[in-house]
Amino acid sequence: MAIRYFNDSCTYRLPEKRRTREWLTEVAREEGYAVGEINYIFCSAERLLEINREFLSHDYYTDIITFDESDLRGEGVINGEIYIDVETVADNAAQFGATRLDEMRRVVVHGVLHLCGQKDKTPRAERRRPRARNPADIDPVHDAVQQTQDLCDQHGKSSHQDVFRDAAVFEINL
C-alpha cells in the first residue's frame, strides 16, 4: 500500500502527508476498499487543461482528474493517478471562503472517492451523511469536508457540482 505525492509544473507541498495518507486509507476502508498504489500529482492549471484535452477531450479547466487503474476483478483494492490543479483549488477556496488547505483536502479525498466508485452527482453521493463520531476523533481533515458541505448548504446547493467547477461534494462517512 502506498499513497505518494508528486509535483508536475508547480512547487506545491501538501502538509501533513502522513496524516493525510492515514485519513485517505480510512476513507477507502469505510467505502469497502483497500489502498493499493495511489499517486497524487499536483500541477498547474495549464498542465491539467492539457491532460483534460488529451485524455478526456474536454476543453475546460477543472480542479481534479482521476485516472482509475484499479483491477476490476473484485479484489477491492484501489489504484490510480490523481492530478490536482493547485491554482484552481486556490481560486475555489477564495471564491467560497474556505482556506486553501481545507479546499485541497476536499479535492484530495474527492479523488479517492472516485477510485472507490463514486461519481459526481450520483444519488448515492448526494444522500451520503457523515456518521456521528466521538468529538475527540474529529480532526481538521474531517472538519474541512464538513465545512465544504456546510458551504453548499448555505448557498442552497445540493451538490458540489452546483458550487465548485467540475467537482462534487462527497460527504465523507468517517
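## Helices and strands

Helices (H or I, at least four residues) and strands (E, at least two) are DSSP runs, numbered from the N terminus. By that rule, the protein has 7 helices and 4 strands. Along the sequence they come in the order β-α-β-α-β-β-α-α-α-α-α.

This is a predicted model: local features need pLDDT of at least 70, side-chain atom pairs count only at pLDDT 80 or more, and totals for chains, interfaces and linings use all residues. Residues are numbered from 1 along each chain as its sequence is written, and side-chain values use heavy atoms, with hydrogens and water left out.

## Inside and outside

How much of the protein is buried? Of its 174 residues, 48% are buried. Buried means under 20% relative accessible area, exposed means over 50%, and partly exposed lies in between (1.4 Å probe, protein chains only).

The protein exposes about 8700 Å². Carbon and sulfur atoms supply 47% of that area. Accessible areas come from the Shrake-Rupley method with a 1.4 Å probe; for residues, only the protein chains shown count as cover.

## Two serines with positive phi

Ser-9 is not a glycine, yet its phi is positive, near 70 degrees. Where is Ser-9? It lies in the loop between β1 (2–8) and α1 (17–30). Its relative accessibility is 47%, so Ser-9 counts as partly exposed.

Ser-57 also has a positive phi, about 55 degrees, and is not a glycine either. Its loop runs between α2 (45–56) and β3 (64–68). Is Ser-57 buried or exposed? With a relative accessible area of 66%, Ser-57 is exposed.

## Salt bridges

A salt bridge is a side-chain nitrogen of Lys or Arg within 4 Å of a carboxyl oxygen of Asp or Glu. How many are there in the whole structure? A search finds 12 salt bridges.

One of them links Glu-16 with Arg-105, and their closest N and O atoms are 3.0 Å apart. Glu-16 sits in the loop between β1 and α1, while Arg-105 is in helix α4 (residues 100–115), so the pair ties together parts that are 89 residues apart in sequence. Glu-16 is partly exposed, at 39% relative accessible area. Arg-105 counts as buried, at 6% relative accessibility.

Arg-29 and Glu-26 meet in a salt bridge through their side chains, at 2.6 Å from N to O. Both residues lie in helix α1. They are 3 residues apart, about one turn of the helix. Arg-29 is partly exposed at 49% relative accessibility, and Glu-26 is partly exposed with a relative accessible area of 28%.

Asp-59 forms a salt bridge with Arg-53. Here the closest N and O atoms are 2.5 Å apart. Asp-59 counts as exposed, at 57% relative accessibility. Arg-53 is partly exposed, with a relative accessible area of 44%.

Which residues do shared partners join into one network? Glu-16, Arg-19, Asp-102 and Arg-105 are joined by salt bridges that share partners.
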